[in-house]
Amino acid sequence: MKAIQDTVWRSTKGMFVGLATSCYLTASVSAEESNYNMTKGVTNISGQVYDLHMLIFYICCAIAVVVFGAMFYSMYHHRKSKGAVAANFHESTKVEVIWTVIPIIILVLMAIPATKTLVAMEDTSQSDLTIKITGSQWKWHYSYFGEDVEFFSLLATSQKAIDGIEEKGANYLLEVDNPLVLPINRKVRFLMTSDDVIHSWWVPAFAVKKDTIPGFINEAWTKIDEPGVYRGQCAELCGRAHGFMPVVVHAMEEEKYDQWLLDKKAELARAQQEAAASLTATLSKQELIEIGTQVYVERCAVCHQANGAGIPGAFPAITGSKIATGDINVHIDTIVNGRPGTAMQAFANQLTDKEIAAVVTYQRNGLGNDTGELVQAADVNAFKSAQSGTSEEGQ
């Protein structure tokens with residue numbers, strides 16, 4: 001019997017020593033360098049969150065040491081083999097008061113710094129820049145208020161890398177074509193919403209994680225201390241391609257950001273000029289299919305598959321579909337306005353008229369379809385104009 005008791009004691013003692021050692025190592029070895037700990041981030045708020053996390057961790061370690069220490073001490077020094085006799089009493093007002101008051105005091109002491117941090121996280125006042133973030137399946141849209149700058153940010157990892165045909169890069173599934181660009185040392189206010197389902201914009205280095213909900217506007221903010229590229233992703237299960245919705249933020253020094261903003265405005269102005277010029281251009285079938293193929297791979301293949309077969313029960317096939325082989329205006333309408341109540345989005349504001357014309361042409365003459373029909377940018381523009389006129393008459 002004594003051998004069993006000694007074994008139990010050695011086990012409990014080892015567990016207690018291990019717990020104390022882990023708390024000590026966390027405190028003595030730089031917690032910031034640990035691969036298993038929360039990162040401190042690059043903003044004042046993320047630093048506050050990290051400090052709060054460590055404070056609560058140390059409090060929990062202290063509580064564990066006291067509670068388990070008292071328990072193991074009692075188990076060893078008041079065991080039956082030493083002749084200890086258990087006390088026989090029913091209720092103790094003093095003990096109940098102690099074990100009620102002490103936890104309350106501990107919780108209040110933990111709540112004070114936690115409340116201060118939470119209040120600071122929600123304070124979006126006195127911002128230098130406001131950006132609207134809109135989530136949709138499966139991309140982000142960024143709009144800079146007062147600057148006439150807006151763009152979509154899509155996954156840049158190639159489909160071949162996803163399929164395992166090409167080697168995966170260092171930032172696999174965490175790279176985009178158009179990162180969100182922000183200045184350091186300026187307070188940036190985010191207004192967040194969604195076009196379809198609930199998403200969640202999350203960048204760990206900023207300690208910003210906020211849901212984007214259809215019909216609602218949520219607010220968050222950040223003020224970045226260090227220039228660099230910071231990555232995150234959608235943190236809400238938002239559908240089949242949830243894992244393909246990364247967030248990339250490029251933080252620049254203020255002077256470089258101001259220059260980027262000017263360059264971006266010029267780039268968008270050129271894009272508008274090119275879109276206007278495309279309305280008078282007539283592209284060949286080969287040109288349309290080349291552009292349409294690229295648009296389809298980037299925007300359509302995630303749902304309808306690269307071969308146009310779709311996913312039975314979830315996303316319809318393009319190959320042999322009534323839309324891709326039927327009335328061409330219905331096809332254009334489907335791309336331009338989407339289909340309410342389904343995962344089919346409206347691409348009127350996401351693609352240029354030339355891109356819409358090209359992808360419609362590709363879908364009608366590729367992926368196993370062969371209608372022979374071509375659509376030009378002018379056709380898409382005329383469809384939009386006619387629809388707009390009909391809408392105005394209805395009003």
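Student: How much space lies in the largest cavity, and what makes a space a cavity?
Tutor: About 30 Å³ lies in the largest cavity. On a 1 Å grid over the protein atoms alone, a cavity is a set of points where a 1.4 Å probe fits but cannot get out. Points are joined across faces, edges and corners, and the volume is the space filled by probe spheres set on them. Bear in mind that this is a predicted model: local features need pLDDT of at least 70, side-chain atom pairs count only at pLDDT 80 or more, and totals for chains, interfaces and linings use all residues. Residues are numbered from 1 along each chain as its sequence is written, and side-chain values use heavy atoms, leaving out hydrogens and water.

Student: Which residues line the largest cavity?
Tutor: Ser278, Ala281, Leu283, Lys354, Gln376 and Ala377, each with an atom within 4 Å of a grid point. By class, that's three nonpolar, two polar and one charged. Ala, Val, Leu, Ile, Met, Phe, Trp, Tyr, Cys and Pro count as nonpolar, Asp, Glu, Lys and Arg as charged, and the others, Gly among them, as polar.

Student: How do you know how H6 and H9 are oriented to each other?
Tutor: Helix H6 (residues 285–304) and helix H9 (residues 353–365) pack at about 95°, their axes 7 Å apart. Angles of 65 to 115 degrees count as roughly perpendicular, so H6 and H9 are roughly perpendicular to each other. Residues making the contact include Leu288, Ile289 and Tyr296 of H6 and Ala358, Val359 and Tyr362 of H9; contact means heavy atoms within 4.5 Å. By class, the H6–H9 contact has nine nonpolar, five polar and three charged residues.

Student: What makes phi worth a look at Ala207 and Gln305?
Tutor: Most residues other than glycine have a negative phi. Ala207 has a positive phi, near 60°, and Gln305 has one of about 75°. Ala207 is in the loop between strand E6 (199–203) and strand E7 (208–212), while Gln305 is in the loop between H6 and helix H7 (322–325). Helices (H or I, at least four residues) and strands (E, at least two) are DSSP runs, numbered from the N terminus.

Methods: Axes fitted to C-alpha atoms, helices over the stretch in contact; angles between N-to-C directions. Parallel < 35°, antiparallel > 145°, perpendicular 65-115°, else oblique. 1 Å grid on protein atoms, 1.4 Å probe; cavity = no way out; pocket = protein on both sides within 12 Å on 5 of 7 lines; lining within 4 Å.
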